[in-house]
Amino acid sequence: MKSPYRCYYRFCRPNLAPQRILAISDIHFAGKLTANHRRVVNFAKQPKPNLIVVAGDTIDNVHALASDTSNKELAGWFTELGKIAPVCICFGNHDSYQKADKPVRVGRRKYKYVSIEKSPLMECLINVKNIHVLDSGVFEDKQSYVFGLSMPPEYYDTPAHPYSEDKEVLLKELKKNTARLKNLPKNKAKIILIHSPTYLTDPDIRKYLSEFDFVFAGHMHNGIVPPILQKIWRGHRGFVTATKKFFADQNTRLGFYGDKLIVLGAVTTIPPNAKGLKLFGVVFPANVAVVEINREKK
């Protein structure tokens with residue numbers, strides 16, 4: 001696949017300033033740039049976006065930034081994106097994974113990675129012009145209000161709760177950030193970045209997101225559905241979810257949730273640390289979404 005798998009969204013929002021947003025997720029940088037990473041930068045120049053958003057899992061694990069070379073390579077990649085438009089990034093679960101000193105065994109499963117509180121991603125990109133890593137923080141300009149919600153390590157899959165996410169932790173984080181979720185500017189595109197979509201259709205969660213025009217998430221890698229099937233694949237399900245559930249709901253392709261919640265495909269569908277499965281990565285192009293906001297229907 002020599003070009004990205006592209007999805008275009010066009011929305012009529014009379015109260016918002018016209019603009020284009022380029023949205024990507026699950027970059028999974030593992031220490032070295034790949035062809036998919038370069039294709040994203042090349043494609044990003046075409047729609048001339050006013051804003052670029054990244055919905056988490058920028059790195060595959062913290063060891064991806066263990067050397068000066070890898071830090072410079074990732075910072076250089078974002079430098080190229082920053083020349084195109086402001087870039088807003090939220091944290092995903094992989095952004096804080098590191099190898100455990102001793103693997104933890106729970107039942108039949110052995111955990112080789114653990115989460116840490118502070119990701120090196122912030123330090124890597126802190127001085128890169130036009131790049132905004134939103135650690136439960138806000139970026140705002142004349143056209144957009146962007147909030148990137150960070151989840152603590154205990155939200156995601158842990159030895160105590162294997163292959164699961166904790167709704168109560170998400171509710172706690174939303175309540176803690178109420179000031180960033182309410183009384184938002186009326187004339188700007190209001191965007192929230194939350195890495196995992198698992199609970200984003202839950203009524204208890206949705207009430208906290210009511211003022212946002214768009215919710216961008218990733219995490220699901222399109223259910224590991226090959227692009228050749230995406231034109232004919234129907235329904236709510238993919239092959240396997242990020243929580244290792246087969247043919248489960250919330251395992252979505254681009255655009256399944258309509259005009260507010262958009263679950264993005266992955267730039268890197270099969271991460272490099274997937275051992276033998278990484279060979280299948282060659283059949284998955286980078287997923288790229290372009291959101292166009294207009295005041296009149298086209």
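## The six-stranded sheet

In this predicted model, in which local features need pLDDT of at least 70, side-chain atom pairs count only at pLDDT 80 or more, and totals for chains, interfaces and linings use all residues, 6 strands form an open sheet with mixed pairing. Their order is β1-β13-β2-β3-β4-β7. Strands (E, at least two residues) and helices (H or I, at least four) are DSSP runs, numbered from the N terminus; two strands pair if DSSP finds at least two bridges between them. β1 (5-12) and β7 (131-133) stand at the edges with a single partner strand each, so one side of each has no neighbour in the sheet. From one strand to the next, the twist averages 20°.

Residues are numbered from 1 along each chain as its sequence is written, and side-chain values use heavy atoms, with hydrogens and water left out. Strand β4 (residues 87-89) runs parallel to β7, and 3 bridges join the two. Within this pairing, isoleucine 89 stands opposite valine 133 in β7.

## Helix α2 and valine 87

Helix α2 (residues 68-82) lies across β2 (19-24), β3 (51-54), β4 and β7. The helix runs at about 130° to β4; axes are lines fitted to C-alpha atoms, for helices over the stretch in contact, and angles run from 0 to 180 degrees between N-to-C directions.

Valine 87 belongs to strand β4. Its relative accessible area is 0%, so valine 87 is buried (buried means under 20% relative accessible area, exposed over 50%, partly exposed in between, with a 1.4 Å probe and protein chains only). Not counting residues up to four places away in sequence, valine 87 touches Ile52, Val54, Phe78, Leu81, Gly82, Asn130, Ile131 and His132; contact means heavy atoms within 4.5 Å. Valine 87 and phenylalanine 139 lie 52 residues apart in sequence, with a C-alpha to C-alpha distance of 9.4 Å.

## The largest nonpolar core

A nonpolar core is a set of buried Ala, Val, Leu, Ile, Met, Phe, Trp, Tyr and Cys residues joined through side-chain atoms within 4.5 Å. The largest one has 33 residues, of which Leu74, Trp77, Phe78 and Leu125 touch the most other members. Two or more residues each come from β2, α1 (35-44), β3, α2, β4, α3 (121-125), β7 and β13 (287-294). Helix α2 gives the largest share, 5 residues.

Leaving out residues up to four places away in sequence, phenylalanine 78 touches Ile27, Val54, Thr58, Val87, Ile89, Leu125, Val128 and Ile131.

## The five-stranded sheet

Another open sheet has 5 strands in the order β8-β9-β10-β11-β12, with mixed pairing. β8 (137-140) and β12 (261-263) are the edge strands, and each pairs on one side only. The twist here averages 20° from one strand to the next.

Strand β11 (residues 214-217) pairs with β12 in the parallel sense over 3 bridges. Phenylalanine 216 has isoleucine 262 in β12 as its bridge partner.

## Cysteines

With a disulfide taken as a pair of cysteine sulfur atoms within 2.5 Å, the count is 0. Cysteine 7 counts as buried at 17% relative accessibility, and cysteine 124 is buried with a relative accessible area of 12%.

## Confidence

The average pLDDT of the protein is 85, and 82% of the residues score at least 70; pLDDT is the predictor's confidence in each residue, from 0 to 100. Over residues 251-257 the pLDDT is below 50. Beyond near neighbours in sequence, this stretch has 36 contacts in the model.
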